[in-house]
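I opened this notebook to record what I looked up in one structure. The entries follow the order in which I checked things.

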Amino acid sequence: MGQQQKPRPEPLDPPMVPFVVAGMAAWAMAGLALLLFRDWLTEHGHQDWLWTCLAGFLWGIPGLAVMMRHDARRRRRRAAAKLS
């Protein structure tokens with residue numbers, strides 16, 4: 001009748017800054033790799049790929065700022081939980 005429920009596991013709350021940095025590095029490396037094929041990209045009408053890599057890297061900058069704030073709040077939240 002009254003089965004005991006298993007306790008719910010704590011949700012994952014990893015630091016997010018490394019994920020943003022990895023994403024920015026991936027876009028930067030892809031853009032640098034595509035620079036080697038710039039002439040081919042232009043000939044085949046795919047020069048937008050370079051702009052996409054640049055946009056991905058640049059959008060990572062505000063993402064990095066947001067995740068730095070998120071991680072700071074996470075650290076404060078965990079420190080407060082340890083004190084109580």
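Predicted model: local features only at pLDDT ≥ 70, side-chain atom pairs only at ≥ 80, totals over all residues.

**Entry 1: salt bridges.** Residues are numbered from 1 along each chain as its sequence is written, and side-chain values use heavy atoms, with hydrogens and water left out.

How many salt bridges does the structure hold? I found two. In one of them the side chains of Asp13 and Arg74 meet, at 4.0 Å from N to O. Asp13 lies in the segment before α1 and Arg74 in helix α3, so this pair ties together parts that are 61 residues apart in sequence. For helices I used DSSP runs of H or I with at least four residues, numbered from the N terminus (strands would be runs of E with at least two).

The side chains of Asp13 and Arg77 also meet in a salt bridge, at 2.4 Å from N to O. This pair again links distant parts of the chain, with Asp13 in the segment before α1 and Arg77 in helix α3, 64 residues apart. I wrote down Asp13, Arg74 and Arg77 as linked in a network of salt bridges. As background, side chains of opposite charge can pair when their charged atoms come close.

Entry 2: My scale was relative accessible area with a 1.4 Å probe and protein chains only: buried is under 20%, exposed is over 50%, and partly exposed is in between. Is Arg74 buried or exposed? Arg74 counts as buried because its relative accessibility is 10%. Arg77 is partly exposed, with a relative accessible area of 45%.

**Entry 3: helix α3.** I looked up the extent of α3, which runs over residues 48–83. The helix has 36 residues and reaches 52 Å from its first C-alpha to its last, close to the 52 Å expected at 1.5 Å a residue. The expected span is 1.5 Å times one less than the number of residues.

Where does α3 kink? A kink of about 30° lies at Ile61, shortly before the proline Pro62. The bend at a residue is the angle between axes fitted to the seven residues ending there and the seven starting there.

I then listed the buried residues in α3, among them Leu50, Cys53, Gly56, Gly60 and Asp71. Leu64 lies in α3 and is partly exposed, at 21% relative accessible area.

**Entry 4: distances.** Gly23 is found in helix α1. The C-alpha atoms of Gly23 and Gly60 are separated by 7.4 Å, though 37 residues apart along the chain. Ala79 and Leu54 are 25 residues apart in sequence and 38 Å apart in space, C-alpha to C-alpha.

**Entry 5: the largest pocket.** A pocket here is an open set of points on a 1 Å grid over the protein atoms alone, where a 1.4 Å probe fits, with protein on both sides within 12 Å along at least five of seven lines; lining residues have an atom within 4 Å of a point. About 240 Å³ of space lies in the largest pocket. That volume is the space filled by probe spheres set on the points, which are joined across faces, edges and corners.

Which helices each supply at least two residues of the lining? They are α1 (17–35) and α3 (48–83). The lining residues include Trp27, Leu32, Arg38, Trp51 and Phe57. Arg38 is found in helix α2 (residues 38–43) and counts as partly exposed at 45% relative accessibility.
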